[in-house]
Each structure stands twice: as structure tokens, then as C-alpha cells.
Amino acid sequence: MARAVYSIGRYAWPPVETPVAVMLVLLVVASLALGVYWSVGLWQIVRTMRTLPTARAGLGLPAPDLSVCVVVPAHNEERTIGHLVASLRGQDHPRMRVVLALDRCTDSTASVARAAIGDDERFDVLEITACPDDWAGKVNAVWAAVTRSPAARDADLLLFADADTTFHPGCVRATAAILHQRGLALLSLMSTLTADRWFEKIVQPAAGLELMYQYPLLRASRPTDRRAFANGQFILFRADAYRRIGGHESVREHLLEDLALAREAARHGLPAALLLADGVLVCRMYETWAEFRRGWRRIYTECANRRPGRLRRASLRVAVVNGLLPIAAVACLGLALAQRDAAPVWATGLSAAVAGGALLVWLAAMVSVYRLSAAPLWAAPLHPFASIPIASILARAARDLVTRTPTQWGGRSYVRESR
């Protein structure tokens, strides 16, 4: 086997196997790529946090004199609806009403909700027994509440929230204040997600990171030329702006109606912002690992505009950038240290420095991501392994589109056509 000899003048170092030298060079290149990529990523995270407030900032603002109607669609949410109602009953906004749109529930959601409401006159319960074939279930439930509830028709602001969310006592007041202060027509929050289950601690931040890669907060909050995005767990609209874009009726067939509404708002030139909840809104998205995978396949599919090629490219990018590059940098550091007696000091030292520096930058970025996700920081170094299932979910989403595999969601089955 060929061996490489490093020498300068009359000084020579012990020969190194050529394949080892080539491998070290390749790993150094991968480490450089990791360092450059996550230096930009870390800068974007810092820039975002310095530029945009979180919802918590609104807690210190005065409440605007605007009435708010909270509309919550719920399909078989007996496990969560009581917690939601309790948190809404504790809201300190002086002019708030709530409409629960119970969509074809076959469990005890209605009885649990009514028991939690008690004698609170701010709440109305609307039970929906059917959904038209050309409507998505959740969208139909929301639209029924908006059109049939006097509280929704008369409100200055309409807040659409999911049944698996929990509100800080000042959430409605704070977000109404931010929307009013910033002159927005639409304000959406990225919920603080629970981190109790193993996949919530390790994989969920990776899922959220990929979503934020596709729809960065700063780009989603631009006044013009924005990458429109909204999170259906929490969307606050000025009622007149909501009606101007046609409301939920304009997105009746969409399984990711929040994204579709955000795009309609952008098309009409309405100012919008996407902010981190920072604990002001908490959500448990999925109870099980199977639900997690199925739910994120639906989200990624719609975010990619149902384009299989875009999903495949995202899968490859996640696998390489978030998975392979950090592992390559660790391998580079290990190989440089193992070869310190067989290769020139400058070669092993430079390799170790490049790999170590890249890993420090990457780890700083991961710690920031996991901290913002309210996930345990010990899970941050496991991000490369968390990226493997995310790449798999993206690839499976592409395959489901090509094979026309139905999506089960909200008590109905949908076949989505690729574009």
C-alpha cells in the first residue's frame, strides 16, 4: 500500500498510509462545511432573537380596547379539552369570548368541555355533526363557528387555536397588544412544545428546526416579499382582514389551512408576523411516536407544496448537513488525535483545530435550538441521530405522494395529489 511522507527541508516525519491521509483530508473538508454552515445558522438564530420579540414581550404592554373571539375546533379531544378550557377561563383580557366548535366527536369531548366551562358565560359550544365532501374537517368546523356564532361575528379580533394548547393567563391580552402595537393584520405563534416523551426531547426539536429552515421567522415576518407561514395552533386575525381574504372558506380543501391562510394574507398584502411563544402558549402536538411521524408527514407535505422532488431534496439535505457532517467532524477529530505520532504536527493540529472549532460552533447552535424548543440540553449532542428519522419522514412523505397513499386526519381520509 502506498505511503505518504511529509517533509520540510531535512526534517521528515514517519510515513502515513495514503488512504488515511486522503480520509483525513476529506474529513477536514466536511468539518469546514459543518463550521461554515452552522456559523451562518448560529448568526441567523442570534439575529432573529435580537430582531423579533417573543409573545412574552407582550405581557408588559397595555391591553388594546379590542374584543377577541377565540375559536377552537376540536375532534375527539376529551384528553385535552379540559386543560384548554381551564387556561382560557383564566385569561385576563377584559373583552374575550370563546367558541368551541366540536367537530363530529364520538367521544366525551362535549361533556368534558361543558363540565370544565361550568357557569362561565363567555363560552359557547357548537356541535357539528357533518362535513361537506369538498371541505377539510377542521376548516369546516372553524368556518361554521365564524359564521354561526354571534360572538365571532361581532369581534374585533378572531383567534384560532387548537384544542391541544394551553394558554398563559396573559396570552390573549399580550398577543392582542403586540398585534395592535406592530400594526399587524395577522399574528401567529410558534408554540412552546412539551418535552416529556422521548421523541419530544430528542427528535421534536429536529422536526421544528427543519420547519424553521423552510420558513424562517424573519422571512415569515417581512412586510413585503415574505415567505408566508402561520401555525394553526395559534393564529390571531383582525376580523376585517380575515373577511377580506375570504376567511376559511377560501382554503376549504387545505389540510394545512394555516399555511394557506398565511399565503392568502400575503397575496392581499396584509402585514403579518410569526413569533416564538416563549412559554405563553404551550402545546403537546402528538401523544405517540406513530402519531408524531404521521403528523409531521402531513405538515412537511403541505409545506413542500405537495412536490415529491422538494421533499426528497430536503430529506437528503437533512441527512447530510444535520446527520453526516457532525459525525464526520467527530471522526476527523478522532483520526487527527490518533495520527498525531504518524503525521506532521501541523497536519494533525490543523485537522483537530478545524474539526474542534466546527463542532463547537455546531454545538452552540444546537444548544440554542434545543433551549428555544424547551427541550433538555443533554439531547442537543444527539441531534445527528435525531435527524435520521426526520430525513426518513421527509422521504416517506414524498413516497406517499407518488403512491397516492391516503392521509388520515381529523376523522377523515384524504388522498393528496402531487404537483
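Me: How many salt bridges does a search of the whole structure find?
Reply: Happy to start there! This is a predicted model, where local features need pLDDT of at least 70, side-chain atom pairs count only at pLDDT 80 or more, and totals for chains, interfaces and linings use all residues. Residues are numbered from 1 along each chain as its sequence is written, and side-chain values use heavy atoms, with hydrogens and water left out. Taking a salt bridge as a side-chain nitrogen of Lys or Arg within 4 Å of a carboxyl oxygen of Asp or Glu, the search of the whole structure finds 21.

Me: How many residues apart in sequence are the parts that aspartate 278 and arginine 56 tie together?
Reply: These two form a salt bridge, with their closest N and O atoms 3.8 Å apart. Helices (H or I, at least four residues) and strands (E, at least two) are DSSP runs, numbered from the N terminus. Aspartate 278 lies in the loop between strand E13 (272-276) and strand E14 (281-283), and arginine 56 in the loop between helix H1 (18-51) and strand E5 (68-74), so the parts they tie together are apart in sequence by 222 residues.

Me: Is aspartate 65, the salt-bridge partner of arginine 95, buried or exposed?
Reply: The side chains of arginine 95 and aspartate 65 meet at 2.8 Å, N to O. Buried means under 20% relative accessible area, exposed over 50%, and partly exposed in between (1.4 Å probe, protein chains only). Arginine 95, at 37%, is partly exposed. With a relative accessibility of 62%, aspartate 65 counts as exposed.

Me: Which helix holds both aspartate 400 and arginine 396?
Reply: This pair forms a salt bridge whose closest N and O atoms are 3.0 Å apart. Aspartate 400 is buried at 12% relative accessibility, whereas arginine 396 is partly exposed at 31%. Being four residues apart, they are separated by about one helical turn, and the helix is H15 (residues 383-403).

Me: Which residues touch the most other members of the largest nonpolar core?
Reply: A nonpolar core is a set of buried Ala, Val, Leu, Ile, Met, Phe, Trp, Tyr and Cys residues joined through side-chain atoms within 4.5 Å. The largest one has 104 residues. Those touching the most other members are Val70, Phe167, Phe229, Trp296 and Ile390.

Me: What is phenylalanine 229 in contact with, leaving aside its neighbours within four places in sequence?
Reply: Contact here means heavy atoms within 4.5 Å. With those sequence neighbours left aside, phenylalanine 229 is in contact with Met190, Leu211, Tyr215, Ala220, Leu259, Ala262, Leu274 and Cys303.
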